[in-house]
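Here is a report on charged side chains that pair up. Keep the model in view as you read.

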Amino acid sequence: DSSVRGELLNLTQERLLRLTSKMKQNFRGVGRWEQTEDVYQNAAMRLYQAIHECPVQDLKHYYRLAALQIRRELLDMCRHYRGPMGQGANHATQMKSDSRPAAVDVQAAPQGAESTDMSAWSEFHQAVEELPQAERDVFEMTWYHDLKQDEIAKVLDVSTRTVKRLWRSARLLLHESLSDQAGQSVQF
């Protein structure tokens, strides 16, 4: 029922908007081009469609679905802006002495830290998606939904100790995965 899907999104809108804002801060390259509300709206449309295709079974399922859609939206934006023809990869803003942007030749844009940051965040979110289900559930509820461990324990119907163990395991798995991809130790 579309009215129920809409109401569910309305009830969780503030939480998802806060999460979008929090997560977008780590994507400096995306933040330069996109407003938080636009990112949220795209993720919410994905979530609305996903709920239609896969009806929500319980709160855990809804959190998982929301985290997946937010992650997908951020990854798509990351790919869009960091690609070889993307705005983020081919644009630089040089400031004049009076702090106003100066015109810059698009071809002269440097391939700097912004592109590297976006690549790292893309790899991070892909690594989250590859975590085992139990670890991914705890990680998503902590990282994306900003829930406390006792709240997660209630949603998952497990003990707080189990949540702590899964949180630690998820971080270790991500550390290993990202260290292997980078060929060096990654601090997480």
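Buried means under 20% relative accessible area, exposed means over 50%, and partly exposed lies in between (1.4 Å probe, protein chains only). At 6% relative accessibility, Asp 137 counts as buried. This is a predicted model: local features need pLDDT of at least 70, side-chain atom pairs count only at pLDDT 80 or more, and totals for chains, interfaces and linings use all residues. Residues are numbered from 1 along each chain as its sequence is written, and side-chain values use heavy atoms, with hydrogens and water left out.

How many salt bridges does the structure hold? It holds four. A salt bridge is a side-chain nitrogen of Lys or Arg within 4 Å of a carboxyl oxygen of Asp or Glu. The table lists three of them.

| Pair | Closest N to O |
|---|---|
| Glu 73 and Arg 46 | 2.7 Å |
| Asp 137 and Arg 64 | 2.8 Å |

Take Asp 137 and its partner Arg 64. Asp 137 lies in helix α6 (residues 133–143) and Arg 64 in helix α4, so the pair ties together parts that are 73 residues apart in sequence. Helices are DSSP runs (H or I, at least four residues), numbered from the N terminus. Arg 64 is partly exposed, at 21% relative accessibility.

Salt bridges with shared partners join Arg 46, Glu 73 and Asp 76 into one network. Glu 73 is buried at 7% relative accessibility. Arg 46 is partly exposed at 24%. Arg 46 sits in helix α3 and Asp 76 in helix α4, so this pair links parts 30 residues apart in sequence. Asp 76 is partly exposed, at 34% relative accessibility.

How values were computed: Helix = DSSP H or I, 4+ residues; strand = E, 2+ residues; numbered from the N terminus.
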